[in-house]
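Work through the exercises below with the sequence and the coordinates open. Each task is followed by a solution in steps.

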Amino acid sequence: METLTRSELLFDVDTIREEFPILKRMVKGKPLVYLDNAATTQKPLAVIEGLTRYYSEYNANIHRGIHSLAEEATAAFEASRDAVKEFIGAAHREEIIFTRGATEAINLVAYTWARKQVGAGDEILVSGMEHHSNIVPWQIIAEENGAKVIPIPVLEDGTLDMEAFQRLLTEKTKLVAIVHASNSLGTINPVKYIAAQAHATGAKVLVDGSQSAVHLPIDVQDIDCDFFVFSGHKVYGPTGSGALYGKKALLEAMPVFHGGGEMIKEVSFEKTTYNDLPYKYEAGTPNIADTVALKFALDFVKEIGKEKIHQYEQGLLAYATDALEQVKGLRIIGKAPAKTSVISFVVEGVHPQDLGILLDNKGIAVRTGHHCTQPLMDRFGIPGTTRASFALYTTYAEIDALVAGLERSIKTLL
Amino acid sequence: MTARPRIEELEEEIVENFSLFDSWDEKYEYIIDLGKKLPPLEDEHKKDENKVRGCQSTVWLVAAYKDGLVEFKADSDAVIVKGLISMLIQVLSGHTPEEIIQAKLGFIDRIGMTTHLAQTRSNGLAAMVKQMKNFALAFKLQNESAKH
């Protein structure tokens, strides 16, 4: 009998939802409508059960143990590295460094590479739509070394001002740290083009893939970025998992980050030598369980297929955009031609916090506030937005529920 | 002189009002209504130094001290928060600094607001209470030093 793999099956959201137990939950007496996926995604059974299996069957400390459990745990941990390598299209497995998430990965690059390479008078280009995580680590190093962090302006439609980028990119620029897809606006930035331009002037490029890894096919070799970071919990994986990708030659040349076990070759009071990649950057016992389970999340996405997911989510985005634009007084912030399935909006005369509270009362989870992008909110002259973000398990009916909930909430508030 | 209602009595009134509502929708409608009815704060008071930290929305709070009693005025750009402040003012305004400092404010929990509002917003409510008590404490200290 011939069996079909899941990637050959049609995209069926009802079947997919069956794999996410939390989606069956009631909130405030109503079925949960979870539209806060840009903050964190829910977890499929493969991840939840995978975590239980790890702790029930092969929990052990990795790499140095000689016993069977240690070997099994090590093999699972390293299998996750291979899965990440494949997921983002890296050339070598040792280019994948496990971290707690994107924030830690960015800080690793800031405290090792940037601290040595970005000096007085040098500049780090970021965009005006960065998450604070891709601003503050650079500011810390810039302040220490006398360098500057310069934002590339954002245009009214939520795209980057590429002319300004060309102008701001000079021989002083040592790094361009840019978000692949904006968490607040959904804007997908032309990172491959940006990387090519940056490299032409000798700058390195870090791409923050926190919001893109879950929605877009990623190929770090095609983008040709020097660093790429993402968080596991935004790709259906566990919190506390994530990775830094760095080009091998760069990672090898960079100084070490945290000192401790695992990252050393030999320790003596006269001279300590460091381990090879990737262990050089993985001091101490890592988050083994969550990193092991990250693979199950990536496998889940791979089995369904990124292209298929992207197509489905783009359908949701178009449908929701049309529906929300019909709501009186509602203005969408961020209308870039290329977006992930994220919609930020403001409603005339209504505070986002009030909307968030009333929607929650209807079982609808959205995010309100500045989304850790205060400079971007200032750019648009607003204190914050209400943001609905969709995932592969979001249904068209949930978007209808959001719109109906909004209409009713606005009526109550005005 | 007519007797001033005690803080506990004012709290009790609010709890009784809330007991009439069957659903959270109704509770929120009531709070929103209170928010809309709270007189807006004059623009001169809407400055940074009068902002209460710890809220997702902006809250301004001012206090005046007259004839031994504290009067609060407040405003917010979010109407639900404004409704919550309105209740706090209803309960705490027109009392002596000592009474305000001692107030337990159990009504917040009894009308379900501590458990119902998310942590961050609940902190906002806590921040407002703290700010009001700080004002009362400042007036009390002012009083004491004036006596000496």
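**Exercise 1.** List the residues that line the second largest cavity, and sort the lining by class and by domain.

Solution. Step 1: the lining consists of A:Asn37, A:Ala38, A:Thr41, A:Val214, A:His215, A:Lys234, A:Tyr236, A:Val342, A:Ser389, A:Phe390 and A:Ala391. A cavity is a set of points on a 1 Å grid over the protein atoms alone where a 1.4 Å probe fits but cannot get out, and lining residues have an atom within 4 Å of a point.

Step 1: by class, this lining has six nonpolar, four polar and one charged residues. Here Ala, Val, Leu, Ile, Met, Phe, Trp, Tyr, Cys and Pro count as nonpolar, Asp, Glu, Lys and Arg as charged, and the others, Gly among them, as polar.

Step 2: domain 1 (6–43 + 305–413) and domain 2 (50–303) of chain A each supply at least three lining residues, with bounds from an automatic or database domain assignment.

Step 3: the volume of the second largest cavity is about 50 Å³, taken as the space filled by probe spheres set on grid points that are joined across faces, edges and corners. The whole structure holds four cavities of 30 Å³ or more.

The model is predicted: local features need pLDDT of at least 70 and side-chain atom pairs pLDDT 80 or more, while totals for chains, interfaces and linings use all residues. Residues are numbered from 1 along each chain as its sequence is written, chains are lettered from A and ligands numbered from 1 in written order, and side-chain values use heavy atoms, without hydrogens and water.

**Exercise 2.** Which residue forms a salt bridge with B:Asp75, and where do the two partners lie?

Solution. Step 1: the partner is B:Lys46, with the closest N and O atoms 3.4 Å apart. A salt bridge requires a side-chain nitrogen of Lys or Arg within 4 Å of a carboxyl oxygen of Asp or Glu.

Step 1: B:Asp75 sits in strand β2 (residues 69–76), and B:Lys46 in the loop between α2 (24–37) and β1 (59–66), 29 residues apart. Helices (H or I, at least four residues) and strands (E, at least two) are DSSP runs, numbered from the N terminus.

Step 2: B:Asp75 is buried at 3% relative accessibility, whereas B:Lys46 is partly exposed at 32%. Buried means under 20% relative accessible area, exposed over 50%, partly exposed in between (1.4 Å probe, protein chains only).

Key
1 Å grid on protein atoms, 1.4 Å probe; cavity = no way out; pocket = protein on both sides within 12 Å on 5 of 7 lines; lining within 4 Å.
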